[in-house]
There are 2 protein chains.
Amino acid sequence: MVAKQNTQQKILDAAQSLFADTGFNDTSLRQITSLAEVNLAAVNYHFGSKKELIQAVLQRYLRVLMARLDQEFNQLLAVQHPNNLTQVLAVFVKPLLELNSVHTNGTRIFLQLLGRGYTDVQGHLRWFINQHYGRVLDKFVLLVQQSCPELPASELFWRLHFSLGTIVFTMASNEALAEIAQADFNEEVDIEGVIQRLLPYLAAGIAAPVFTRSQPQQQLRSGT
Amino acid sequence: MVAKQNTQQKILDAAQSLFADTGFNDTSLRQITSLAEVNLAAVNYHFGSKKELIQAVLQRYLRVLMARLDQEFNQLLAVQHPNNLTQVLAVFVKPLLELNSVHTNGTRIFLQLLGRGYTDVQGHLRWFINQHYGRVLDKFVLLVQQSCPELPASELFWRLHFSLGTIVFTMASNEALAEIAQADFNEEVDIEGVIQRLLPYLAAGIAAPVFTRSQPQQQLRSGT
DNA sequence: GTACATTTCAAACACTTGTTTAAATTTGTG
DNA sequence: CACAAATTTAAACAAGTGTTTGAAATGTAC
């Protein structure tokens, strides 16, 4: 017989799917514990509160992902010459795909959860991620900055968030999009295929020429 | 003296702000009616249900915006030569900014609401928009297709959805992003600023060179 | 002013939410 | 085995949800 699965893991598995599909606030503990086939009180017993459960669900992926990303970033930073932007972005692909070893469809689920963390009103999540992994992410920003030296920092900030939006939204509606692509273009699309389509789009967007009102390419910061 | 404001409008005004800030599901009718200083039952009396209130809030903007966009699209379609992609995208700017005449901060509020409509689980909203304004949006797709004739239809499909993701996500987390930009770069960001930052990013992304497995990407450069 | 329709109001409705409690059960250990 | 710690359980909690109700208040037409 299948060994009795850990209650905590049953909860985490049930919670991540529901959170990814419905969002954090719109998923009730009763839905989670019912899907996990555990008692309602188990969440509060094992995790303390719903808020802490949300963090635990994300931690399972963040721990693995961020460690891997940190390696990759350090490797690129060690190189003397600035790296090509496409190369810098491509560094995400493998670590993200490896999340599928954390759980079935781990990559998709994690990216959806990430999106929920930003669009749902979950201030504590942004704080949590920044607190724990801000140092790693700063390395990425530095790498992008090196590969696009002529891009002002504020412009880069916005474009990286635009990119985050692209990724997150695409993953959130991945299922629907893949279905349409299949029907309209007879195209079989998996997560890896989507990522490979994303990279050129993101690279081009981030490195796009900076808009200026009057002049084609000149200064952006003038005065203070 | 100020004439007694219509109860329906007081509700719409209160609802749109709260919906934009907190999302549809996380805003209660009691919050709305309390801010609007009307009785709780007024929402159900005047709009029928919360769902219909959500649609009414969006309709106030969609009606104006879509009529304007339809004009612009027809105008561009009438031209014989294919239009520049940047021009096609830029066509959104004026109609969007004119929403400020519907209500103070109308542009920001509408775009935030749109973002909420896609990220919150509001299936009825997607259906509603497509049902009412699908014909108008088809014209836009046609225009983009004409401006990027070398782009395969399936690639265009994905990139337009990437772009929708960028817009929707950016607007949904607009407040948070604006706060960070303010803190980190001492940059006052209004909705027009965000739109102007978005356009080059989207145009570059949509028109990016198509990824091919064998050949290396051409070097992407910022600045033209 | 009477009669009628529209609108407002306080109260209650039935239901869901996250969390807590205290007893019952299972588990690990000497 | 027996004892204690860890876990599970059903039940209740207080608070919040959208919606409905029926009586007041207001507005409108004759």
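Chain A is built from 11 helices and zero strands. Keep in mind that what you're looking at is a predicted model.

**Chain A on its own**

- Reading from the N terminus, the elements go α-α-α-α-α-α-α-α-α-α-α.
- The C-alpha trace of chain A spans about 65 × 45 × 35 Å along its principal axes.
- Chain A has 224 residues, and 54% of them count as buried.
- Take the contacts in chain A with a separation of 6 or more: 71% of these are between residues 24 or more positions apart.

**A look at helix α9**

- In chain A, helix α9 covers residues 153-172, which makes 20 residues.
- From its first C-alpha to its last, α9(A) reaches 28 Å, close to the 28 Å expected at 1.5 Å a residue.
- How many of the residues of α9(A) are buried? The count is 17 of 20, so this helix is mostly covered, given that "buried" means under 20% relative accessible area.
- R159(A) and E155(A) both lie in this helix, four residues apart, or about one turn of the helix.
- These two residues form a salt bridge, with the closest N and O atoms 3.5 Å apart.
- Both R159(A) and E155(A) are buried.

**How the two chains are related**

- Chain B can be laid on chain A with an RMSD of 1.2 Å. The move takes a turn of 178° and a shift of 0.5 Å along the axis.
- That's the relation of a two-fold axis.
- The same surface serves both copies, as 83% of the contact residues of chain B recur in chain A.

**Where the chains meet**

- The size of an interface is often given as the accessible area lost when the parts come together.
- Between chain B and chain A, the buried area is about 4,700 Å², and carbon and sulfur atoms give 68% of it.
- Which residues of chain B lose the most area to chain A? They are W158(B), F169(B) and Y201(B), together accounting for 18% of what that side buries.
- Nine residue pairs are in polar contact between chain B and chain A, counting pairs with both residues at pLDDT 80 or more.

**Salt bridges between the chains**

- Side chains of opposite charge can pair when their charged atoms come close.
- Over all chains, the count comes to 14 salt bridges.
- Across the interface of chain B and chain A there are two salt bridges.
- E155(A) and R197(B) meet in a salt bridge through their side chains, at 2.7 Å from N to O.

**Salt bridges inside each chain**

- In chain A, K139(A) forms a salt bridge with D70(A), and their closest N and O atoms are 2.8 Å apart.
- This pair links distant parts of the chain: K139(A) is in helix α8 (residues 123-147), while D70(A) is in helix α4 (residues 50-78), 69 residues apart.
- Are K139(A) and D70(A) buried or exposed? Both are buried.
- In chain B, D70(B) forms a salt bridge with K139(B), with the closest N and O atoms 2.8 Å apart.
- Here, too, distant parts of the chain are linked, as D70(B) lies in helix α4 of chain B and K139(B) in helix α8 of chain B, 69 residues apart.
- D70(B) is buried, and so is K139(B).

- You'll find F110(B) in helix α7 of chain B.
- Why does F110(B) count as buried? Because its relative accessibility is 2%, and the cut-off for buried is under 20%.
- Setting aside neighbours within four places in sequence, F110(B) is in contact with L58(B), Y61(B), L62(B), L65(B), L96(B) and L99(B).
- F110(B) and I11(B) are 99 residues apart along the chain, and their C-alpha atoms are separated by 16 Å.

Key:
Residues are numbered from 1 along each chain as its sequence is written. Chains are lettered from A and ligands numbered from 1 in the order in which they are written. This is a predicted model: local features need pLDDT of at least 70, side-chain atom pairs count only at pLDDT 80 or more; totals for chains, interfaces and linings use all residues. Side-chain values use heavy atoms; hydrogens and water are left out. Copies are superposed by least squares on the C-alpha atoms of residues with pLDDT of at least 70 in both. Contact means heavy atoms within 4.5 Å. Helices (H or I, at least four residues) and strands (E, at least two) are DSSP runs, numbered from the N terminus. The expected span of a helix is 1.5 Å times one less than its number of residues. Buried means under 20% relative accessible area, exposed over 50%, partly exposed in between (1.4 Å probe, protein chains only). Buried area is the accessible area (1.4 Å probe) that two parts lose on being put together, summed over both. A salt bridge is a side-chain nitrogen of Lys or Arg within 4 Å of a carboxyl oxygen of Asp or Glu. A polar contact is a pair of N or O atoms within 3.5 Å; within protein, one must be able to donate a hydrogen and the other to accept it, and residues adjacent in sequence count only if both atoms are side-chain atoms.
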